[in-house]
Amino acid sequence: QMMSVPSNFWGYQWPHTGDGYSGILCYYSSFPNPPINSREYLEVELTDSLTAGFTYNVSFYVSLSDTSQYACNNIGVHFSDTIILYNTTISNVLLNVPFHVFSQIVVTDNVGWHLVSGKYIASGGEKFMVAGNFLNDISTSFISTGFGSQPWAYYYFDDFNVSLDSST
């Protein structure tokens, strides 16, 4: 049951659509120790590269897990022309890369799904999309949920969409 739907290790949530979703850690409280910037990321290869100067509509849904003692902001996506691989010798490898679309508000919904959306003007050649929180703990706003049992903000992600904007 650790990774099942709708009931799993992190809580209970039906998918926004379809049969499943993904989940990652977007914030971890290390109180009373100094911030440690613990993060997880999702990465996917796009079916086509993005075209320079074209505007794309980007959207996805997030839902806070039931075990989360915290909720945070800065949940977003970054586009890259190369795959970003995990490197055990470099800590926090994805901190401080630019957000291309993200939520400035703290996402607290653990019952429904919160839409994150925006427009992105491509530099050209972007073939990969990475989702997560790319800012350090000091730059991340977080609040206590009052219901979770674990010192984290763990979010489910569903229904990513990248499509050419009609204005293009």
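User: What makes Asp137 count as buried or exposed?

Analyst: This is a predicted model, and the answer rests on relative accessible area. The value for Asp137 is 7%. Buried means under 20%, so Asp137 is buried.

User: Why is the contact between Arg39 and Asp137 called a salt bridge?

Analyst: The term requires a side-chain nitrogen of Lys or Arg within 4 Å of a carboxyl oxygen of Asp or Glu. For the side chains of Arg39 and Asp137, the N to O distance is 2.9 Å. That value is within 4 Å, so the pair is a salt bridge. In general, side chains of opposite charge can pair when their charged atoms come close.

User: Where in the chain do Arg39 and Asp137 lie?

Analyst: Arg39 belongs to the loop between β3 and β4, whereas Asp137 belongs to the loop between β10 (128–132) and β11 (142–144). The two residues are 98 residues apart, and the pair links distant parts of the chain. Arg39 has a relative accessible area of 13%; this is under 20%, so Arg39 is buried.

User: What is found for Asn37, and why is Asn37 called buried?

Analyst: Asn37 is also located in the loop between β3 and β4. Its relative accessibility is 14%, which is under 20%, so Asn37 counts as buried. A polar atom of the Asn37 side chain lies 2.7 Å from the backbone nitrogen of Asp137.

User: How many salt bridges are counted, and what makes Asp165 and Lys119 one of them?

Analyst: The count comes to two salt bridges. In the pair of Asp165 and Lys119, the closest N and O atoms are 2.5 Å apart; the limit is 4 Å, so this pair qualifies.

User: What makes β3 and β9 edge strands?

Analyst: Four strands form an open sheet in the order β3-β12-β5-β9, with antiparallel pairing. Strands β3 (22–28) and β9 (114–121) each pair on one side only, and they are the edge strands.

User: How do you know that β5 and β12 pair?

Analyst: Pairing requires at least two bridges. Eight bridges join β5 (residues 55–64) to β12 (residues 152–164), so these antiparallel strands pair. Ser59 stands opposite Asn161 in β12.

Notes:
Residues numbered from 1 in each chain as written. Predicted model: local features only at pLDDT ≥ 70, side-chain atom pairs only at ≥ 80, totals over all residues. Heavy atoms only, no water. Buried < 20%, exposed > 50% of the residue type's maximum accessible area, 1.4 Å probe, protein only. Polar contact = N/O pair within 3.5 Å; in protein donor to acceptor, adjacent residues only side chain to side chain.
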